[in-house]
Amino acid sequence: MPNVDIITVQVLSSALRSICEEMGAALVRAAYSTNIKERRDCSTALFDARGRLVAQAEHIPVHLGAMLDAVTSILSLDPEPGDVFILNDPFRGGTHLPDISVISPIATPAGIIAYAASRAHHADVGGREPGSMPADSEELSEEGAVIPPTRLMAGGRINQGFMDDFLGRVRRPQERQGDLRAQVGAGRIAARRLLDLVGRRGEENVLAAMDEVIAYAERRMRAAITGLPDGVYRAEDWLERGNQDLIIAVSVKVEGDKMVVDFEGTSAQEAGNLNCPMPVTRSACYFVLRAITDPDIPPNAGATAPVRISAPRGCLVNARPPAAVVAGNVETSQRIADALVLALSQAMPLPAQGQGTMNNLTLGSDEFNYYETIGGGAGACPDRDGASGIHLGMTNTLNTPIEALEMDFPLLVESYEFRRGSGGEGRHRGGDGVVRSLRLLKPARLSLLADRRRHGPRGAAGGAQGLPGRNLINGREVDGKVTLSLNAGDVVTVETPGGGGYGEIRSQDLIPKKQ
Amino acid sequence: MGATTPLLLGVDVGGTFTDAVLVSNGSLFRAKVPTTVDQSLAVVEASRKVIEMSGAAAAQVSYFAHGMTTATNALLERKGARTASISTWGFRDILEIGRQDRPRLYDLCPSRPEPLVPRELRLAARERVGPVGETLPLEAEEVKRVVDRLRRLKPEAVAICLLFSFLDPAHELRLGEVLARELPEVHVSMSSAVLPQFREYERFSTTAVDAYLTPVVARYLMTLGERVRTAGLPEPAIMQSSGGVMPLGQAAASAAPLLLSGPAAGVVGSIYGGGRSGIDDLIAFDMGGTSTDVSLVRGGAAQTTSEREIGGQPVALPMVDIHTIGAGGGSIAWIDPGGALRVGPESAGAEPGPACYGRGGEQATVSDANYLLGYLGEKLGGADGLALQREPARKALGRLAAELGLELEETALGIRRVVGAEMVKALRVISVERGHDPRMFVLVAFGGAGPMHGADLAEELDIERVMVPDSCGVLSALGMVVGDERRDWVQTVYAAEGWDEQSLAGSLARMEAAHAAETVGAVLERRADMRYRGQSHELTVEVGERMSRDELVRAFEHEHEKAYGYTAAEEDVELVNIRLTALRPLVPVRIGDAGRERKSARGPARGTADGREQTSRDRSAPGSRSAFFDGEWVQADIWRRGQIGATRVRGPAIIEEDEATTVVPPGWECSLDEAGNLWLETHKLERSDA
C-alpha cells in the first residue's frame, strides 16, 4: 500500500460513503416508479476496478449481499469508459426481475478506477401479470423480461436496439424509461463526485483508500465475530405453499473470528416462485450478521470476507435456472433471516419473531400498476414490547401516502389501522399487525404474495405466538398467495401478522401498567 | 422610526446562556446571563443588563425581537399539552404508523418515538373526502358524538387531521367551529390551516406538533409579555424557524413554526455579518461544544427546506435548511474495534469538560487536541478565564497515541482531521448535495470552536476565504434584531389535467387574497413546487413577474439537471404546490461603520502579483507561542483580535478574543476589514492546481 495513513483513509471513506448517499438521494427524487420514489426500494454503491464493493447506501437490506455479484457479472464484457451496463437476470448478478441494476464505469485518463451501481425495483418489467409480481409463476420467463448483463450505453450513446426491445416488452414503457434515466443520472452524479475527489486527493490515494477501507471492514467484522460465543447453532423454520410447508434449515458455526452458515437440510427448489438465487440468500445472512454485530461496520467486500455461506445446489435457497424466483427475494429472504435469528438466539438474547413477510400486494391493468408491501407486528424484545405496523427484516420500504395513491390510481383506501390484539402475549407483548383495505374503482388483476398465514410468528422465552395474517376479498378469506381478476367495487383486505411475545407472563406483570 | 435614534434589542435563549445585544446609534452592546428555568426571567434580566450598559432606558427601546427554545424543549422532552386527534374513520393510527419504516435499518428490536397523541386520545369521525371531493358527508350527529367523547377525555389541545382536507377543508372547519363553541378552553389545530399540502402523514404530524406545542408556548409567551410590559419594554417579535420574525400574538396561536427559533437566528446573524462586508454567498459554520450547525446562504438569503424531522416528528413547514451534527469542541475521541480513530458523538459536556479543564475529565476531546497543538492558549475566555492544564490532556491523548502507534502530535492532528471529516460531510450535504459548488462561497466560521477549524475545512472544500464575523460569540442574538418579519403559506394545487400561466396566476391570486389582511405593506415572494409527470418529489422554483410557462419549465429543468444529472425535454412538467412568502424588511441596522466607505464590495482586496510584498507585517505581533503546523513545532504569532488594525497577519498565527480563537495556518493570511470582520485567505489552492 502506498503511504496513505489511517486518518486519510477515514476521511476518504467518509467521502466515498457520502457519494453513495448522494447518488441514492438523487435516484429516489428523480424516479417515476412508486416503488422507488415513494417507497425507496433501491440501493446505490461504489465498486473498485476489480468489482469489489467499496461503499454502499442501502435503503433496504435485501440488496446488501446481492449487489456484490452485480459488477463481477459485467467485468467479462470488457467495460470501457463511456459504457453503461444493465442487468436483472437473477442467475447472473440480479435478484428478481423487477430489480434492475445499472452500472457505470468511472474512468480517469489512466483507465477505469471504479464502478457506480444502482439497483431499483421497477413497477413493471413485463411478463404475465401487471406489476411483474405474479403469485403463481413457475418459470422465470413468466415473471418478465430477463436482461442478462448488457451494454445500455456505449461510448456515451444509448443502445437503441436494446431499449426498443426492452420497452416493447414492458407495460408503461415511458415510466421505465424515466426510471432508467434516473439511474443513469445517479451514476453520472457519482462519477462527477468521485473524479472531483481524485482531483483533490490524488488518484493513488483514493485507490489506496478503497483497498484500506475494505481491509478495515474485515478487521472490524473479525473482531465482532470473535465477540460471539463459539459453537454450532441450528434452527428450522418454514414457508407456506398451499397446505404444504417448505423447510428452511440452517446451521451457524461460530469459530474464533470466522462464521460458517450452511443450509443443508433445506427443501429442494419448488415448482412455484419461492426459490432464491444464492445472492438473495447471502443478503439475508449478511443482514442478520450486521444486525447482531455492529451496523456501523462499513458494508463492503471486507465485512463479508470472514463468513462462508453454503447451500446445496438446487435447494430452495440456491435455486437453479429456469426456476421462478419473484417471491424468493421478498418472502423466502425474510424466512432465511428469521431462521438465522432463531439459531443465534441460542447464543445471545434476541427478540421473538416479527411478522416475517412483506405482504406484497400488486394491483394492475393496462392503465395502472400499484405495488405495496405492508408492515406488521415486530417481535417483542427481551426488554420491551414489539413495535406495531412496522417493516422488519429484509425490507424497510415506506408506505404509499393514501392521498398520493388515490390521486394516482383508481383505488379507494377504506382503512389503514392497527389490527388490535394481534401481537402475541408475554412479559413483553408482540407488536400488532395492521389492516389495510382497498376498494377497486376499476377492474384489475390482483397478485398477493404473503406468508405466515397459517403459522403465526413464534414467541420467545415462553411468550405466545402472534396471530397469523389473513387475506380477504370482499370479506372472504383467500390463500396467502393468489393471483386473480377483480371487478370494480371489490374490496381487498390484508391483515398482517402480529409479532411474537417475549417471556412468560408472571403474576406481577398482571398489575395493569400505566397507559 | 422618525428622528429619535432607533434602539434595537435582541435576546437569544440558549441551553446554558441567554445572550442579549442592544444596537444603539451604531454601537453594539452585549450581555450574557445564565439561562433560567422560567426562560422569561433570564430574558428580562439580560435585557436589563444590556440596556444598563448602553446607558439608555427601557422605555427608549424601539424594537425587541426574541428567539427561544421553549418549543424545541417541550417537543424533545415530551412536555407538551395533552393532545387528542380527530381523523377520518378507518385511519386513526396514521400518526403512529407513520411511513411504516423503522428508523435504523439493522435494528432487530425497532422502536419509534412515541406518537404525540396516544391511541386512547385518537378519535375518528365518519366522513370522507376523496381526490374529487366529498364522498361521505359529516353529519351533525357525528360531530356531536365526537365532541362529546372529546369532552370526557379532557384534552388541552386537539389536532384535526382529515384525509384530503388540503383540497376541501369544509369538514375540518365544521369540527373546528363546534369545538370552539363547545370546548372554548381547548386549543385546536386544523391540518387544512397548518399545512394545506398533500401526503397525509406529514400534514398530520405537523398539525399534531402544532397542537401539542401551542398551549405550552402560548403560556410562556403570555408570561413573557407580562414581564416585558412590567419592565417597560415593547412587545417582542418572535423568531421563527424560517429566519423571519412574527408578532407575539401570532406566535402564541401556532407554535410549530417556532421550532428552530434560535439556530435560524444564527444564520440570519451570519447573513448580516457577511452583508456588512459585501458578501452574500456564504456557508454558515457554527461549531459549539457538543454540536455543529451548518447552513448555506445564497444571494443573501438562507436556503429553506420543508422536509425535516425534529424529535422524530416530521414538521413540513419552511425552515432554514440547517444541518446539525453531534460533534463539537467537547466531543470525545476513541478507538473502534477495527483500530480506527473516532470522534463523538459522546461529549465531555461542561462537567467534567475536556481533560485540559482539569476537572477530572479523563478522555481526550477535540479541545484537548487543540490545546496540545498550541492552538488554544493557556486560558479560556480572556484574562480571568479558566486556566487549562497540560498534564491531564497529555495523559488522555497519550493513551490514544499509544494504541494507534502514533506520536502525540499526530494523534492530536488526527482528532482534528477525523472531526473535520464529519464537518466536511455536513458541509457537503448542504452545498454539493443541494447542487451548490462550495468554492463559490465564503465560509463564515463562528461559535466557540468554529474559527479554530475554519481554515482546515475550507481547504478540504477548496474554499479560499473564511470569515470570522464581528460578535461571533453572540451572533444569534444579533440575528434577532436584523431578521425581517416573515410569513409563509403553502397550498397544493395539483390537478391531473395540468396547468398553464392562467391557472397558476389564478391560484396565486386566490392565495394572496386569502391572506391579504396579513400581508399589508409586505413584499411578496412566490414559488412553485414542480416535477416531471410521474415523479413524486418536487423541486421549488421562483415564480417571477409575468413568467411564461416555458420560462418556468426552463427554470425547473435547470434545477433538475443540477440535482439529478439529467433533463427530459419530452416529459410533461407538473405543478404541485404554490408557496407564498410575505416579507416586511426592517430598517437596516448599522453598526460601527456608519457612514464609512467600504474598502471593497467583495471583502478585503485580494492579493495581486505584488500581493506577497503587501503582506509584510507593518507591525510585529504582540506575542508568540510554540504551535504544531505542517509536521513541526514552530513559533506562531499571537494576536488579540482588537490589536490587528490594518496589519495583514501571515500564518502560522493565532488570533484570540474572549469568546473564540482563530487559527491561521501556514499558507493563510488574515486581516480585519472595516466592518470588523476577520478574513482568512489562502493562495495555496490555486498553487496546488497549477
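Colleague: Hi! Before we look around, how does the predictor score the complex?
Modeller: Hello! This is a predicted model, and the predictor gives the complex an ipTM of 0.90 and a pTM of 0.86.

Colleague: And what average pLDDT does chain B get?
Modeller: Chain B averages a pLDDT of 87. At least 70 is the score for 92% of its residues.

Colleague: Where in chain B does pLDDT stay under 50?
Modeller: Look at residues 593-617 of chain B, where pLDDT stays under 50. For that stretch the model has 33 contacts beyond four places in sequence.

Colleague: Okay, overall build next. How many helices and strands are in chain B?
Modeller: Chain B has 18 helices and 35 strands. Its radius of gyration is 27 Å, close to the 26 Å that the globule rule gives for 690 residues, so chain B is as compact as a globular protein of that length. Along the principal axes, its C-alpha trace spans about 85 × 65 × 55 Å.

Colleague: What share of the residues in chain B is buried?
Modeller: Buried residues make up 54% of the 690 residues in chain B. As for contacts with a separation of 6 or more, 66% of them in chain B are between residues 24 or more positions apart.

Colleague: Now chain A, please. How many helices and strands there?
Modeller: Chain A comes to 10 helices and 20 strands. A compact globule with 515 residues would have a radius of gyration near 24 Å, and the 23 Å of chain A agrees with that. Its C-alpha atoms fill a box of roughly 70 × 55 × 45 Å, taken along the principal axes.

Colleague: What percentage of chain A counts as buried?
Modeller: That is 64% of the 515 residues of chain A. In chain A, residues 24 or more positions apart account for 75% of the contacts with a separation of 6 or more.

Colleague: Let's see where the chains touch. How many residues does the contact take from each chain?
Modeller: The contact takes 60 residues from chain A and 50 residues from chain B. On the side of chain A that touches chain B, elements giving two or more residues include helix H5 (173-201), helix H6 (203-226) and strand E14 (411-419) of chain A.

Colleague: Which element gives the largest share on the chain A side?
Modeller: H1(A) does, with 11 residues. By class, the side of chain A that touches chain B has 33 nonpolar, 12 polar and 15 charged residues.

Colleague: Changing topic: at what angle do H11 and H12 of chain B cross?
Modeller: Helix H11 (residues 390-404) and helix H12 (residues 408-430) of chain B cross at roughly 100°, and their axes come within 9 Å. H11(B) and H12(B) are therefore roughly perpendicular to each other.

Colleague: Which residues meet there?
Modeller: From H11(B), B:Leu397, B:Gly398, B:Leu400, B:Ala401 and B:Leu404 meet B:Leu408, B:Thr411 and B:Ala412 in H12(B). By class, this contact has 6 nonpolar, 2 polar and no charged residues.

Colleague: Can we zoom in on one residue? Is B:Val21 buried or exposed?
Modeller: B:Val21 has 27 C-beta neighbours inside 10 Å, so it counts as buried. You will find B:Val21 in strand E2 (residues 17-24) of chain B.

Colleague: What is B:Val21 in contact with, leaving aside its neighbours within four places in sequence?
Modeller: Among its contacts are B:Gly10, B:Phe29 and B:Val50, and also B:Val474, B:Ala477 and B:Val481.

Colleague: Where are the cis peptide bonds you noted?
Modeller: One joins B:Gly344 and B:Pro345, with omega about 0°. B:Pro345 lies in strand E22 (residues 341-347) of chain B. Another cis peptide bond joins B:Gly651 and B:Pro652, with omega about 5°. B:Pro652 has its place in the loop between strand E31 (649-650) and strand E32 (653-657) of chain B.

Colleague: Last one! Which residues have a positive phi without being glycine?
Modeller: One of them is A:Asn359, with phi near 50°. A:Asn359 is in the loop between helix H9 (326-344) and strand E12 (360-364) of chain A, and with 29 C-beta neighbours inside 10 Å it counts as buried. B:Arg546 has a positive phi of about 45°. B:Arg546 is exposed, with 8 other C-beta atoms within 10 Å.

Note on methods: Residues numbered from 1 in each chain as written. Chains lettered and ligands numbered in written order. Predicted model: local features only at pLDDT ≥ 70, side-chain atom pairs only at ≥ 80, totals over all residues. Helix = DSSP H or I, 4+ residues; strand = E, 2+ residues; numbered from the N terminus. Rg over C-alpha atoms; globule rule 2.2 N^0.38 Å. Buried ≥ 20, exposed ≤ 12 C-beta atoms within 10 Å, placed from the backbone. Contact = placed C-beta atoms within 7 Å. pLDDT = per-residue confidence, 0-100. Axes fitted to C-alpha atoms, helices over the stretch in contact; angles between N-to-C directions. Parallel < 35°, antiparallel > 145°, perpendicular 65-115°, else oblique. Nonpolar A, V, L, I, M, F, W, Y, C, P; charged D, E, K, R; others polar.
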